Structure formats: C-alpha cells, structure tokens
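Please read this briefing with the sequence and the structure side by side. The points are grouped by topic.

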Amino acid sequence: MIRYRSPPLLALRMLSSCTSHPKPNPNPRLHFTLKPTSQNSQTSQLISNPIRISQAMQVSTSCFTGSTDPTTISGRPVLTNSVPESGDPNSSSLVVISFYKFADFPDHANLRKPLKRLCEELRVSGGIILAPEGINGSICGTRESVERVLGFIQSDEHLKGLRQIESPVSPEEEAIHHGHTSNSPLAAGEDAPFRWDHVRVKLKKEIVTLGMPTVAPIERVGKYVKPREWNALISDPDTVVIDVRNDYETRIGKFKGAVDPVTTAFREFPSWVEDQFQNDKTTHKESKVEITDEITDKEVGSPKKRMPKRVAMYCTGGIRCEKASSFLLSKGFEEVYHLEGGILKYLEEVPKKESLWEGECFVFDKRVSVKHGLVQGTFKLCYGCKQPVSDADMESPLWEYGVTCPYCYSSKSEEEKERARARQRQFETWGIIGGPDKGRRPRSKPDGINKSFTKLSNSY
C-alpha cells in the first residue's frame, strides 16, 4: 500500500468539496518536470510511475463519492452516489457523451436548476443548453453518473429519445481528470475533457443558433444516412457534399471533395445558400423578364449555380444538419441527406483505411480535436480566440500563450492583448481568474504574493 500525504490545505479541499483548480501549462507543447522537494517528492514519484498513478487514483476518486440516500429532484428520486457499489470497473470509468433533442419544450426553464444541482451532486461536468426548441449538451463523468443524468433528462416527456454520441476517455486523460498532474496533484488538469468540478446549464432562445424561427426541425428534416453508407453517397458525382461547420473547424479537417461555405458562424449559412444556388422555379420566372445590358460585375463574376439534384450535409455531431436540412427543404431542395451522428459517429464506426475523412475533427471541449477512433488529436486551443492551433502555428512570432495566435493577432487591439496578458498572469499565479477570492477582498493577504496580482484579483 502506498501512503500519500498531501499538504493539509489541499487534503481539506479534496475531502470537503473537491473543487481544486488547475494552473495552466504556460507551454502546452512541453511536459512538466517536477523537481522533488520535501513536500512534493512523493508527488513526483507518483507522476513518474504509471503504476503509482493508478493506485493513487483510488485516493482522489473518493471525491466522487457522495451520500447513498435518495434525493428527490422535481418529484423524481435520484441517488447521489456516483460511484457504483457493483464493483464493475467499467461503470466507474469516465466517458464523454454529447446529446441533443429537438422538441416543443416551452417549460424548458423549469429544468435548469434541478438539472444543474443533479450534475453537481454526481460530479458530472460539461455544458448543457436548454431552449424552447429542445436540449443540447456535452457532459463528462463516471459512466453511472452520466447515465443517471441522461435518465433524469429523458424522464421529461418532451426529451425522450435523445440522440447521443459517446467518446471514450483514455487512461492518461482519466488520470488528469482525477487530478494527477505534475503541477497540481489534487486538481483536474487543463487537458481534461472538461473542468470536472464545474457544469454550465444555460437558457437560450435556440439550442443551435440559426436566427430563423420559421425553420422547424421538429416538423421536417432531411434523410439520415448511416456512417457505413456515407461513403457511397458522397462518392456519387450527382451529390453535392456541404460542410455545415465554420471556417475554423473546416480548416483542420473535412470530407474529401466537400464544399466549404467559409462561414464564421452557423447563422451565416442561409445567406450563403441564397447567394450560391438558384432556385429552379425562380429561374423559370426570371427567364420571362426582358434581359437588359445593366448587369453588375458581381453577377458576372459569381453567377448562381443551379439547384443540385442531391445534397449531402455533415457537421460535428449532427445537430446543425437538422436545422440546415430543414432550411434547404423549405427552399425547394428535393433530395437532402445528412450524416447521422455527424463526423464523430463516422470516425467511431468507419475504419481509417476505408475513410474519406481528411485531417482531424474540432470538438467543443478541452480535447480540441479528435481523430479516427475518437482518439484525442494534435491541436491545442488559442485562449485568445478559441480557435485550434497546430505545433507549426505555435512556432509563429504571432503566437503568445493565452493571448494571441496567427488567426487572431491582427484582429485584436493592444488593449485587448493587455487584458488577456493580465488574465493569463492570474492563471499562472492563482490557477483561476481573479485570484482565490474571485473578486472579493481576501481576509488576509497571502505571503509572498506580489501586490500587483492582489490588485488584479480584486478588480475582476
């Protein structure tokens, strides 16, 4: 048995609330090396020895243990113990599950507080959006905890039949998630899929923003295509393949031969369709109009294409395609297909040797990107603009960790950059923005902390 002694303050935090916060790695390309000292020599041994990491995980997984007494939330009993008593190791392993459901959900706001409270009790992290048109989210936690959250959501009649995509969490990522980082042995590292002690449940007008209330996926959507049947569809020369994602996503990967709308936000997609394709009915009406010599340069340089016979669309997990296909059908497109489960399901089910996918797939969590088999990709995140950056991007003189990258350097003012630097200094000093008091004046000034950081923490 390995004895692990943590500093009294950290141990107290772990046992009381398990809300320790990570300090970000100033250079994500380099691994930390921790020099043993009188207080951290045992921590260093844990990090360098994978067997000890596995054993030490038994210590910090106690943070997931709660009361086994049933808790009633909105009239529905839910057990708050997130660690199963069955002894099945698979049920306590971590998973990331993305889900959504379009539904007529007028009382969506009533679900926010009980859902957030349940996630906090079960130590389930991530982000969830509730709107009158349904639910959209991505959460991480032990398998049993996540299943309980999903079961609670689907106990609402409006939300039965969630569309779900599961991503595994590797042993290395799980160790980081449970807190075994060289920088903070009891806090989740910044490379964990989500901050494991934090969940966001937000109320919005739409679960995916298109800005067109008349588009209703509940009433009509395109035809779903299974991942195994996708290659045959997009290889047909009569099929126009459209990537419904944004430019920062398509930049790091897309299907072979796909059309890239080069949009910066999903709400730009309808305008792109209007500019790109000519409705056949509209063309017939315009043919009767007398042709004049007054033709603009724009019309000459970029004539609209005829409406394609068949359209196949794809996005990360399938939710954007639901709205995009509904929009195309409302505009007169006849054959509209979309990839069921999105790119993530395709990368999970289709072997790499048979794949028509090129590059990596951007995901909206700390993994940043994934590859075939949903293995974590090679891209990191620019915290200045939230865009994916490669190792080559980080060699650029325009790269500054936590501040700018080659894709946002020119668009940011010096004032914005200075604010980002101040925020980054707080991360490096405290591990959180605003210092440990988070904007409140601390009762006593910590020893050895520069006065300037104290002033910064009080200013946020």
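**Charged pairs in helix α14**

Arg421 pairs with Glu418 in a salt bridge, with 2.7 Å between the closest N and O atoms. Both residues belong to helix α14, where they sit 3 residues apart, about one turn of the helix. The model is a predicted one.

- Glu418 counts as partly exposed, because its relative accessibility is 41%.
- A second salt bridge links Arg419 to Glu415, and here the closest N and O atoms are 3.2 Å apart.
- Arg419 and Glu415 are 4 residues apart in helix α14 (residues 414-430), so about one helical turn separates them.
- Arg419 has a relative accessible area of 44% and is therefore partly exposed.
- Glu415 is exposed, because its relative accessible area of 57% is over the 50% cut-off.

**Other salt bridges**

- The count of salt bridges comes to 20.
- One of them joins Glu133 to Lys323, with the closest N and O atoms 3.1 Å apart.
- Glu133 is in the loop between β4 and β5, whereas Lys323 is in helix α12 (residues 319-330), so this pair ties together parts that are 190 residues apart in sequence.
- Both Glu133 and Lys323 are buried.
- In general, side chains of opposite charge can pair when their charged atoms come close.

**Strand β5 and its neighbours**

- Strand β3 (residues 94-102) runs antiparallel to β5 and is joined to it by 9 bridges.
- Within this pairing, Lys101 has Ile135 of β5 as its bridge partner.
- Strand β4 (residues 125-131) is also antiparallel to β5, with 7 bridges between the two.
- Gly127 stands opposite Ser138 in β5.
- A hairpin is formed by β4 and β5, with 2 residues between them.

**The chain as a whole**

- The protein chain has 15 helices and 19 strands.
- It contains 460 residues, of which 47% count as buried.
- Among contacts in the protein chain with a separation of 6 or more, 67% are between residues 24 or more positions apart.
- The protein chain exposes about 24300 Å², and carbon and sulfur atoms supply 51% of that area.

Terms used. Residues numbered from 1 in each chain as written. Predicted model: local features only at pLDDT ≥ 70, side-chain atom pairs only at ≥ 80, totals over all residues. Heavy atoms only, no water. Buried < 20%, exposed > 50% of the residue type's maximum accessible area, 1.4 Å probe, protein only. Contact = heavy atoms within 4.5 Å. Areas by Shrake-Rupley, 256 points an atom, 1.4 Å probe, with all protein chains shown as cover. Pairing = 2+ DSSP bridges. Salt bridge = Lys/Arg side-chain N within 4 Å of Asp/Glu carboxyl O.
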